[in-house]
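The sequence and model are shown first.

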Amino acid sequence: MRLFFLLTSLALTTSSIFKKHDKGSDLHYEQQPKYHVRPQQGWLNDPNGPVFHGGKYHLFFQHNQEDASWGNIVWGHATSADLVHWELASPILTKPPSYEKGGAWSGSMFKRGDDIVALYTCTDGKFRNAQCEAIADDASLSSFTRNANNPTIKTPPENIPQGAFRDPTEPYHFVGRDYTFIGATDARGPRGVVLAYDLDGYGFKGHFYEAPPLQQCLGWRDGPRCASVMLECPDVFDPATTLSEATILKLSLGAALRKDVVLIGAVEGNAEGRGPSFRAKEHRTQHRCDGPEYLPGAITLDCGSAYASKSFTDQRGRRIS
């Protein structure tokens, strides 16, 4: 499988491969790890919206410009010609409107006609999740204009808490339609689910994937065995972008476990009869880093602290994550 894990965790980098804006600052770049994107200052976490456009790789990430702690989240931005040497660009999704006072959380970037669209979770001051769009102002992807109709998905479907409804994927093509998938918690069970939405109008099209119910768990923070109550940062690898005929569903398992796992399976119509659903195939797996123990059939991507990875297809047809 031509799958390159390059963006799985964002950390710090060295001056030898990273171009800094403030050459006069003394940040001890020679002591920083190599090959990882970092902002000039402040906080960063999940990678967002990687895309190849205008002859460059663009990588966005969760970023607090004001403090070295989580909060005031915008999207940091870096560009590269080779995925090794990076240059910082100006953050995007700044100056949040009222529906985004809690931050511009994780999401994806995709091409729609001549436009580059950021699809992301916008969170209000009470940390209620909705989904929003913004369109790039030019080919540099250095500024975006929010959709006047934001949030494009204002509330989750029935039984989905509004604080557990986030991380929309790039488009997935199925039977003539394009869909985005959103990670969530279904209070019935409770269980983690991935929801399907039609990108044309953002209509809800049912459950794409359902984890087993965990009746003993009150929430996803109740210990590692409850990690699949919330499925964050879903990603779907289309068969056309891998050497395998199987579809791959990548999931990030909750704060208590913090591991990325994949399920191998196939996409078919869902039980609601409205959109796609993912059916994991039966296969033998060893208990590698406890992936199968916490979600049946899951394969853990990395035994270390690898969480909230994001993948995309580059100009050469490689699936890069």
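## Disulfides and buried cysteines

Cys217 has a relative accessibility of 3% and therefore counts as buried (buried means under 20% relative accessible area, with a 1.4 Å probe and protein chains only). Its disulfide partner is Cys226, with the sulfur atoms 2.0 Å apart; a disulfide is taken as a pair of cysteine sulfur atoms within 2.5 Å. The link of Cys217 and Cys226 is left-handed, at -80 degrees about the S-S bond. Cys226 is also buried, at 5%, as is Cys233, at 8%.

The structure holds 2 disulfides. Cys122 and Cys132 form a disulfide with 2.0 Å between their sulfur atoms, and this link is right-handed, at 75 degrees about the S-S bond. Cys122 lies in strand 8 (residues 115-123) and Cys132 in strand 9 (residues 129-136), 10 residues apart; strands are DSSP runs of E, at least two residues long, numbered from the N terminus. Cys122 is buried at 1%, and Cys132 at 0%.

## Basis of the model

The model is predicted: local features need pLDDT of at least 70, side-chain atom pairs count only at pLDDT 80 or more, and totals for chains, interfaces and linings use all residues. Residues are numbered from 1 along each chain as its sequence is written, and side-chain values use heavy atoms, leaving out hydrogens and water.

How values were computed. Helices (H or I, at least four residues) and strands (E, at least two) are DSSP runs, numbered from the N terminus. Buried means under 20% relative accessible area, exposed over 50%, partly exposed in between (1.4 Å probe, protein chains only).
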